[in-house]
Amino acid sequence: MDDTSRVDIAEEARLVRRARWGSGEAFETLYSRHAGAVHALAVRLTGNAATAEDVTQETFLQLLRFMDTIAPDRPLRPWLKRVAANAAIDRLRRERRTVEFDDAVAVDAAADAGGPGGDSLGLLQRFPPEVRTVVWLRVVEGWTHRELAARFGHSESWSKSLVSRTLSRMREMIEVEDDGRG
Amino acid sequence: MDEVEKQAKRYLESLDEPALPGGLWERVEGARRHRMRRRLGGVAMASVAALALAFAIPGGLGDRQDGPLLAESTPGAAVEAAAGGDADRIRSVHAIDRALQAAYDRNAADDEIEPLWRARQALMAAATPAASQSKG
């Protein structure tokens, strides 16, 4: 989903430098380029509109805070998405919205599509928050199982099993829905 | 990534992109300006203390009798005027900080704020070698 190939890294580094000096115009340009992707990720990881807004705001404030340390030869978006993901995970853990393994792939009937994430989460909306987060980070954002295990404080096998079982469950749901239409 | 994950990736990437909330930029921009004002306050305190230590001014920062007062709206002139003396340099930093604070408070344009920061940086950079010479 990242479209970093077309990013002019040198130009982006100039924008970061100007934003560091207090340029609202440069900061607004960075925001307009990346806020959509950051917010979309936050929605997918939190499943909550208000929390996603908070995570997005927090991410751009972290950008201000750490502008001095951002490598000028690398695209900014992966850094922003990593910050947003970490912020979302921190919130999950603070809210203790973690699940035991056996509960992980149990479908939450109350959280069906039409919740805060709506169609942007699809079938994932039906799973507990931590499961959604792990699966999205693994499948779409390309996090390794090692990274997921470290960030969530579990083993790699926990991450592998969670993803595998959730994807199997999702396939079953799709088949059921297809049969229903047929 | 195995085939099951690839299929899931295609499915998840085909979902609707959530729309960016309209009022979010105002929230983020408000927080940025608040942060810039706070940062300015912190930087001002730290740099004045650093300059005072570096030049070890007799009478400390309270002595404002000598040297010209600076025009806050002309950062270039501030740097030039401060080139001669350490006390002047400290007053210049004070003046620029006040100008920056005022600029942030009235949501001044970037082309007004950025030269102030550059002038401030020039003053601080000029102070560093002088300080090391005075210690040597």
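This report walks through a predicted two-chain model, starting with chain B and its contact with chain A.

Residues are numbered from 1 along each chain as its sequence is written, and chains are lettered from A, with ligands numbered from 1, in the order in which they are written. Because the model is predicted, local features need pLDDT of at least 70 and side-chain atom pairs count only at pLDDT 80 or more, while totals for chains, interfaces and linings use all residues.

Chain B has 5 helices and 0 strands, where helices (H or I, at least four residues) and strands (E, at least two) are DSSP runs numbered from the N terminus. Of the 136 residues in chain B, 24% are buried, that is, with 20 or more other C-beta atoms within 10 Å of their own, the C-beta atoms being placed from the backbone.

Where the chains meet, 26 residues of chain B are in contact with 28 residues of chain A; contact here means C-beta atoms, placed from the backbone, within 7 Å. Helices H1 (3-13), H2 (24-55) and H5 (110-135) of chain B each give two or more residues to this side, and the largest share, 9 residues, comes from H2(B). By class, this side of chain B has 15 nonpolar, no polar and 11 charged residues. Nonpolar covers Ala, Val, Leu, Ile, Met, Phe, Trp, Tyr, Cys and Pro; charged covers Asp, Glu, Lys and Arg; the others, Gly among them, are polar.

**A helix pair in chain A**

Helix H2 (residues 24-46) and helix H4 (residues 76-94) of chain A pack at an angle of about 35°, with their axes 9 Å apart. Axes are lines fitted to C-alpha atoms over the stretch in contact, and angles run from 0 to 180 degrees between N-to-C directions. Among the residues making the contact are A:Leu30, A:His34 and A:Leu41 of H2(A), and A:Leu80, A:Ala84 and A:Arg91 of H4(A). By class, the contact has 11 nonpolar, 2 polar and 3 charged residues.

**How confident is the model of chain A?**

On pLDDT, the predictor's confidence in each residue from 0 to 100, chain A has a mean of 83, and 82% of its residues reach 70 or more.

| Confidence in chain A | Helix | Mean pLDDT |
|---|---|---|
| Lowest | H5 (residues 101-104) | 47 |
| Highest | H7 (residues 145-152) | 95 |

Over residues 101-105 of chain A the pLDDT is below 50, and over residues 109-117 of chain A the pLDDT stays under 50 as well.

Note on methods
A residue is buried if 20 or more other C-beta atoms lie within 10 Å of its own, exposed if 12 or fewer, and partly exposed in between; C-beta atoms are placed from the backbone.
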